[in-house]
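Me: I would like to learn how to read interfaces in a model, both inside a chain and between chains. Could we work through a case?

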Number of protein chains: 2
Amino acid sequence: MPSRQPKRKDAIQTRTALLAAATESFARSGYEATNVRQVCARAGASLGAVRHYFGSKEALYREVLVLAHQELVDRQPVPQILPEDDPCDALQQWVCYLLRIFLIRRASHPYAGRLIAWELRDPTPALDQLIAKVLGPVRRALDQIVAELLGEADEPKLRAQCANFVHGICVFHDQNRELLQRFGHPVPSSEKDIVALADTITEFALAGIERFRISHNTKRSGKLNNG
Amino acid sequence: MPSRQPKRKDAIQTRTALLAAATESFARSGYEATNVRQVCARAGASLGAVRHYFGSKEALYREVLVLAHQELVDRQPVPQILPEDDPCDALQQWVCYLLRIFLIRRASHPYAGRLIAWELRDPTPALDQLIAKVLGPVRRALDQIVAELLGEADEPKLRAQCANFVHGICVFHDQNRELLQRFGHPVPSSEKDIVALADTITEFALAGIERFRISHNTKRSGKLNNG
DNA sequence: CATTAAATAATACAAATGTTTGACTTTTTC
DNA sequence: GAAAAAGTCAAACATTTGTATTATTTAATG
């Protein structure tokens, strides 16, 4: 018995290796397409280990999701808008934040963005928890920024719609990679390109939102802006 | 033998029934989640029939896709922009067109929209064909409209980005139903609501695109608009 | 050192599912 | 009307894959 792994000593290491391999696989291929046997193989563990430490594939997935979320929230806090902040800057920050989460493809990048993307594509029971902990706060931050930008024109439905538009533009670049690729517009993945895209999106969105503010004013006090 | 189906006479009917059941299932559940046995059951046919007429599940899927596309293109031609058209109206038409394809949920509505949505989500080898026949022309129409709207500011990259933004806003409402639902913003599905959403999107996008035209002008000829 | 519990690995189990086979029936064709 | 082709169906096959079982090994504990 030349290469026999120590047992009790590196137990935590086996668990950790399983989590790492599972995270990578779930992030890359999603829940359904992830194969427990492959995860075990890459972790150097056996099926019994998964059962022992987590109980089932779904439990393993939940564990992966929770850990990735924690890491994400710790490393990249949601940009909050402060009363003294310029809402235009805030919007740029928000767009940049979302694009980074979903678009950056460095190996060192946390897997939470990819896991969330899968969860949005194929919701599992874990989606609600995800919304409560991550997506909800992120979205509320956007709603607040949009409300600020709309000013007097702010109103629940319009605010939600504008936020949807910004939100939609951002996630489109992640959710439609294949399409964009084939249209000859590959999705940026480097920090620099992402910031540039964020700037363009922000400019576009600011103009769009402003339009509603203006049309609101003209409605209330006559055609102030059109001569 | 009380209820024995006629054979050769209604052969086409068996094939048709299979196609109908398969179309419904692929549109509702996607390729992977569609069960050939269930399709056969609902079509009143057996597994052998699928093998006989199509050869395999994948071949059946391709057949479904082709037929749905043909129907879509026949029934709802892509809105083309003419030289004398107002590009603002054209944009509204385009947005409305895309929203209708993806959002309308009437039983009578053709299945192509749902099938395309699945194909975008989980690309199969059929995606290329789909792009060539349907998505490509649709997108090129948008590019043309955007180019028109950008005027002198038109330039390949900016044009593609603006088109992406419009495109993204539209498909977001389809691809993120679950999320929007839980955020309290259910996606419209009636003709009336869809048109209203299209109007809002159009107004938003027009302002965004116009911003780039303006900033282009100011770059070329000084700050004409700011004082 | 013996007992116990944790840890691991090999194997078996069960269900889902696309595919294939072979027999049987109906229709066409000469 | 007999042979051939087309159509249909039930059952079998093969694979994948999550889960469960069992035995074995290791480490802690008294």
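**Reading the interfaces**

Reply: Start with one pair: A:Arg211 and B:Glu210 form a salt bridge through their side chains, 3.1 Å from N to O. The term means a side-chain nitrogen of Lys or Arg within 4 Å of a carboxyl oxygen of Asp or Glu. This is a predicted model, in which local features need pLDDT of at least 70 and side-chain atom pairs count only at pLDDT 80 or more, while totals for chains, interfaces and linings use all residues. Residues are numbered from 1 along each chain as its sequence is written, chains are lettered from A and ligands numbered from 1 in the order in which they are written, and side-chain values use heavy atoms, with hydrogens and water left out.

Me: How many salt bridges does the rule find across the interface of chain B and chain A?

Reply: Six. The helices that follow are DSSP runs (H or I, at least four residues), numbered from the N terminus. On the side of chain B that touches chain A, helix 10 of chain B supplies the largest share, 14 residues. Helix 10 spans 191-221, and the elements giving two or more residues to that side also include helix 7 (127-150) and helix 8 (156-175) of chain B.

Me: How is the size of an interface given?

Reply: Often as the accessible area lost when the parts come together. Here buried area uses a 1.4 Å probe and is summed over both parts. Chain B and chain A bury about 4,000 Å² between them, with 68% of it on carbon and sulfur atoms. Counted by contact (heavy atoms within 4.5 Å), 43 residues of chain B meet 43 residues of chain A.

Me: Which domains does the assignment give for chain A?

Reply: Domain 1 (11-63) and domain 2 (76-221); such bounds come from an automatic or database domain assignment. Their centres, taken over C-alpha atoms, are separated by 32 Å. Eight residues of domain 1 of chain A are in contact with six of domain 2 of chain A.

Me: What area is buried between domain 1 and domain 2 of chain A?

Reply: About 710 Å², of which carbon and sulfur atoms give 69%. On the domain 1 side, A:Thr23, A:Ala27 and A:Tyr61 lose the most area to domain 2, together 55% of what that side buries.

Conventions:
Buried area is the accessible area (1.4 Å probe) that two parts lose on being put together, summed over both.
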